[in-house]
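Here are my notes on this one, as numbered points. Have a look at the model first, then read on.

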Amino acid sequence: MSNVLNRPERVAEATRTRVEQAIRDLGFVRNGSASTLRAGHSSTIGLMVLDLANPFFTDVARGVEDIASERGYAVILSSSGESDERELRNLRVFAEQRVRGSC
């Protein structure tokens, strides 16, 4: 299965087709944590705002998510609540998740 997912050009078409069908039938979901660990980064970016209740930040978050999605990234959204301690904790989570970048 690994070659079908990671290097499909190395797998005969008939084999690839059977494995892809088995993936669909079984509802297989790739382990993103393992991929992230191997690569050292993820396809996720982190976005921290001051206050999610503020409509300005909601609009910013929506724009970031739209553009990130177009480029194949997911967004982890967090709020600092204007607290330095909470901001640092959120930044640690971003680092633990190996986000590609944060803003």
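1. A word on terms before anything else: helices (H or I, at least four residues) and strands (E, at least two) are DSSP runs, numbered from the N terminus. This is a predicted model, with local features needing pLDDT of at least 70 and side-chain atom pairs counting only at pLDDT 80 or more, while totals for chains, interfaces and linings use all residues. Residues are numbered from 1 along each chain as its sequence is written, and side-chain values use heavy atoms, leaving out hydrogens and water.

2. The overall layout: the protein has 5 helices and 3 strands, and along the sequence they come in the order α-α-α-β-α-β-α-β. Of its 103 residues, 18% are buried (buried is under 20% relative accessible area, exposed over 50%, partly exposed in between, with a 1.4 Å probe and protein chains only). A contact here means heavy atoms within 4.5 Å; among contacts between residues at least 6 apart in sequence, 64% join residues at least 24 apart.

3. Helix α2 covers residues 13-26, which is 14 residues. From first C-alpha to last α2 reaches 20 Å, close to the 20 Å expected at 1.5 Å a residue (the expected span being 1.5 Å times one less than the number of residues).

4. Now for the strands. β1 (residues 44-49) is largely enclosed by the rest of the structure, because 5 of its 6 residues are buried. β1 and β2 run parallel and are joined by 6 bridges (strands pair if DSSP finds at least two bridges between them).

5. Together with helix α4 (residues 55-70), β1 and β2 form a right-handed β-α-β unit. Right-handed means that, with the strands pointing away from the viewer, the path from the first strand over the helix to the second runs clockwise.

6. What does S78 touch, leaving aside residues up to four places away in sequence? The list is L47, M48, V49, N90 and F94. S78 sits in strand β2 (residues 74-79), and its relative accessible area of 11% is why S78 counts as buried.

7. One backbone detail to check: E82 has a positive phi of about 60° although it is not a glycine. E82 belongs to the loop between β2 and α5 (84-96). Is E82 buried or exposed? Exposed, because its relative accessibility is 63%.
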